[in-house]
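Work through the exercises below with the sequence and the coordinates at hand. Each task is followed by a solution in steps.

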Amino acid sequence: KTSIVVLIFFSKIIPYFINTYLPYNQINNIQSRQQSNQHHNTTQHNTTQDYRLTHTDLLYPTPKTTMVRIKDIFITFFNNRWLVFVAAMWVQSCAGIGYLFGSISPVIKSSLNYNQKQVARLGVAKDLGDSVGFLAGSMSEILPLWALLLVGALQNFVGYGWVWLVVTGKAPMLPLWVMCLLIFIGTNGETYFNTVALVSCVQNFPKSRGPIVGILKGFAGLSGAILTQIYALINSPDKASIIFMVAVGPTMVGIALMFIVRPVGGHRQLRLSDRSSFSLIYCVCLVLAAYLMGVMLVEDLIDLNQTIVKILTAILFVLLVAPIGIPLWLTFSSDPKPSEEEALLSEPQNKEQPESSHDPNEIIFSEVEDEKASDVDLLPASERQKRILQLQSKVAQAAAEGAVRIKRRRGPHRGEDFDLTQALIKADFWLLFWTLLLGSGSGLTVIDNLGQMSESLGYDNTHIFVSMISIWNFLGRVGGGYVSEIVVRDYAYPRPVALAVAQGIMSIGHLFFAMGWPGAMYIGTLLIGLGYGAHWAIIPATASELFGVKKFGALYNFLTLANPGGSLVFSGLIASYIYDSEAEKQAKERGEIIIKSTSSMLTKLFETDDALKCTGSICFFLTYMLMSGLCIIALILSLILVRRTKTVYQNLYGKTRT
C-alpha cells in the first residue's frame, strides 16, 4: 500500500514540477527545433524510431522523458558561467594560505626549537612562494586549467604535508634550507589557484572584468579569516593540526572543483540578469566581511564554548554556499538555448574583437588617433571622427601613389592579445608594473610593520589592527572592482583613473600614520586597507583590457613580482633602517650601551634577536612621509597611463555605452 501511495504521489508531483519550471514558450521552442530537425532524420525513420518530446510528454512524462529533461537541466547547470564563478570564489577562499603563516610559525618555532632569525627566513620563503607566480603563468599557456589546478593542489599538499610530518616527528629533521624550500613549494601552490580562477572567469565575463577580479581577489584576502574560523571548529589539542588542515583542506577543494573552474562556451555578453546577480554577490560579500569582523571581535573578547563556535562556523558555511543559488535560479528560470544558438549569439563579440593577425597588404591606421592635431579633441565626436577618416584616406592615397612609405607596426596593438615578450616592450605595461610596485609596496610596508607601529604608539591589542586591515583590504578589492567598472562602463573612461584615486587615498593614510595623531591608527588602517586592496582589483582588469586575455596568466603573474620587490625595498630595507636608527638614538638618550652591527642592510633582514625598541610617532615619521611621496609618484604614473589609453577604452567601451 505504501508503494502504491508513493507511486501515485510522484505521478502527480512530477508533471506539476515539469510544467512549473518548463514554461510554455520553452515547450514551443523544443517542438520547433524538433520539427526543423525532422527533415534531416527522414532517411532514418525506416530503420530507427525517432524519439521526440511532445507537449503531452512534458506534462505527463514517462521515465524516459523525465531522464532527458533531468539530463538537459544538469548540462545547462554544469555549463553555466555563474557556476564557474561561484566555484572560483570557493577556490579563492582557500588560496590565501600565506595569511596563516602568523599562526603556523609559532608551532614550527616551538617544535623545531628555531630562533627568530630562522623563523624570519621561513617568512621570506613564504613571501616568495606567495608572489612568484611566473611558473604558474607560463604553465597556463601549455596545460589545461584543470591540470594547472591539480598541480597547485599537489604542491600545497606536498609542501605543507611534509612540514607537518617533520613538526610532528613522523619524518626526520631537515636542514633549514630544505624547510624553506618546502614552505616555498606549499605557498606557491596558491599562485596556481589564483591563475586558474582569474583566467577562467575573465574569459567567461569579458565585459565585467572589474567586478570579477575584485570579488575573486577579495575572497583570497578573506581566506585567512575563513580558514582560522574552520580551525577553531576543529579545536584539536595538537597545535600542529593547523598545518595538517592547511595541507589537506585547500588540496581537497582544488581537486573537487578542478573540472568546474574553466572557460565555458556560449554567450558571454552582458545579460539582463547579470546586474541582479552581481548585486546579490556584493551583498554576500558585505555580509560576509561584517560577519567575520564581528566573529573575530567576539572570539577575542569572550571565551566561547564549542557549541557556539560550531553555530558560528555553520553560519559562515551558509554564507559561502549562498551564491550557488544564482546558477540554480538561472538554470530553472532562463530559456535554455542549444549550443548552435549560443554560438551564434557569441559571434558579434568575435567581430568586435578581431584577431591580432592582419593582412600584410593592409594599411593599419590604429595610431592615427594618437597622432592627430591637439585641437581635434575639442571638436564634437562626429566631426572628430570625420577628420580622422579624412586623414586616413589622404594617407592611403599618398601611399598608393608612392609619395609616402607606410611603416607598419609589428605585433598586436593595445586591446588585442599580447604574449609576455610583446608586452615587455610596451611602455603601458611598465607603467602598470611601476605604479603597482610603488602603491602595493607602500601598502605592504604598513601591513608588515603594523604590530611595531601600534606598540610604538602605546596600543596593547596590536592584533585588532591586523584583523581590521584584512577586512578593509577585502572591501577595497571588492569596491575597487565595482567603482572601476562604473568608470569604464558608464563613462568609457580609462580604468587606471580609479587606481589614481586609490593611490591618493593611500597617500593621505600614510600621512595619518606619520603624524601619529589620536585615532590615527584606526583612520590610517582604513585608508591604507581600502587603497591597497583596490590595486589588486584594478591592475589585473586593466592588464586584461590593454593586453588581452589569451596570455593573461603569464602577464598577471609577472606583474605580481612587483609586490615582493616593493616589500623588500620599502619594508625590509628603508623602514627597518629608519626604525633602527631612531631606536639607537633613544637608547643613547637612556644611556644604554649599543653594539654596532657590521652586517649589510640585506643581512639585517634576518637579524631580529634582541632588537632595540622605539617608542613614539617619530619611529615611523620619516618612513611614512616617504611612502606618502611614493604614492603621489604612483598617482602621477597612473594619470599618464590614463592619458595614453583614452582611445583604447573609447574603442572597447564607447560603442557598448552608445
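The exercises that follow concern a predicted model.

**Exercise 1. Overall make-up**

Solution: For the contacts, take the pairs of residues at least 6 apart in sequence; 83% of them join residues at least 24 apart.

**Exercise 2. Packing of H5 and H15**

Task: Determine how helix H5 and helix H15 are oriented to each other, and which residues make the contact.

Solution: Two packed helices are described by the angle between their axes and the distance between the axes. H5 covers residues 81–92 and H15 covers residues 325–333; the angle is about 170° and the axes are 8 Å apart. Angles over 145 degrees count as roughly antiparallel, and H5 and H15 are therefore roughly antiparallel to each other. On the H5 side the contact is made by Trp82, Leu83 and Val86, and on the H15 side by Ile326, Pro327 and Leu330. Sorted by class, the contact of H5 with H15 has six nonpolar, no polar and no charged residues.

**Exercise 3. The nonpolar cores**

Task: Find the residues with the most contacts inside the largest nonpolar core, and list the contacts of Phe85.

Solution: The largest nonpolar core has 119 residues, and Phe85, Ile215 and Leu216 have the most contacts inside it. Helix H24 (residues 520–547) gives the largest share of this core, 11 residues. Apart from this core lies another, of 28 residues, which includes Ile108, Tyr160, Val163 and Ile243. Now turn to Phe85 and set aside its neighbours within four places in sequence: Phe85 is in contact with Cys201, Phe205, Ile212, Ile215, Leu216, Phe278 and Ile281.

**Exercise 4. Cysteines**

Task: Identify the cysteines that form a disulfide, and decide whether Cys285 is buried or exposed.

Solution: A search of the whole structure finds one disulfide. Its partners are Cys614 and Cys619, with sulfur atoms 2.0 Å apart; the cut-off for a disulfide is 2.5 Å. The angle about the S-S bond is -95°, and the link of Cys614 and Cys619 is left-handed. Cys614 and Cys619 are both buried. Cys285 is in no disulfide, since the nearest cysteine sulfur, that of Cys283, is 9.2 Å away. Buried means under 20% relative accessible area, so Cys285, at 1%, counts as buried. By the cut-off of 20%, Cys94 is buried too, with a relative accessible area of 9%.

Technical notes
Residues are numbered from 1 along each chain as its sequence is written. This is a predicted model: local features need pLDDT of at least 70, side-chain atom pairs count only at pLDDT 80 or more; totals for chains, interfaces and linings use all residues. Side-chain values use heavy atoms; hydrogens and water are left out. Axes are lines fitted to C-alpha atoms, for helices over the stretch in contact, and angles run from 0 to 180 degrees between N-to-C directions. Helices (H or I, at least four residues) and strands (E, at least two) are DSSP runs, numbered from the N terminus. Angles under 35 degrees count as roughly parallel, over 145 as roughly antiparallel, 65 to 115 as roughly perpendicular and the rest as oblique. Contact means heavy atoms within 4.5 Å. Ala, Val, Leu, Ile, Met, Phe, Trp, Tyr, Cys and Pro count as nonpolar, Asp, Glu, Lys and Arg as charged, and the others, Gly among them, as polar. A nonpolar core is a set of buried Ala, Val, Leu, Ile, Met, Phe, Trp, Tyr and Cys residues joined through side-chain atoms within 4.5 Å. Buried means under 20% relative accessible area, exposed over 50%, partly exposed in between (1.4 Å probe, protein chains only).
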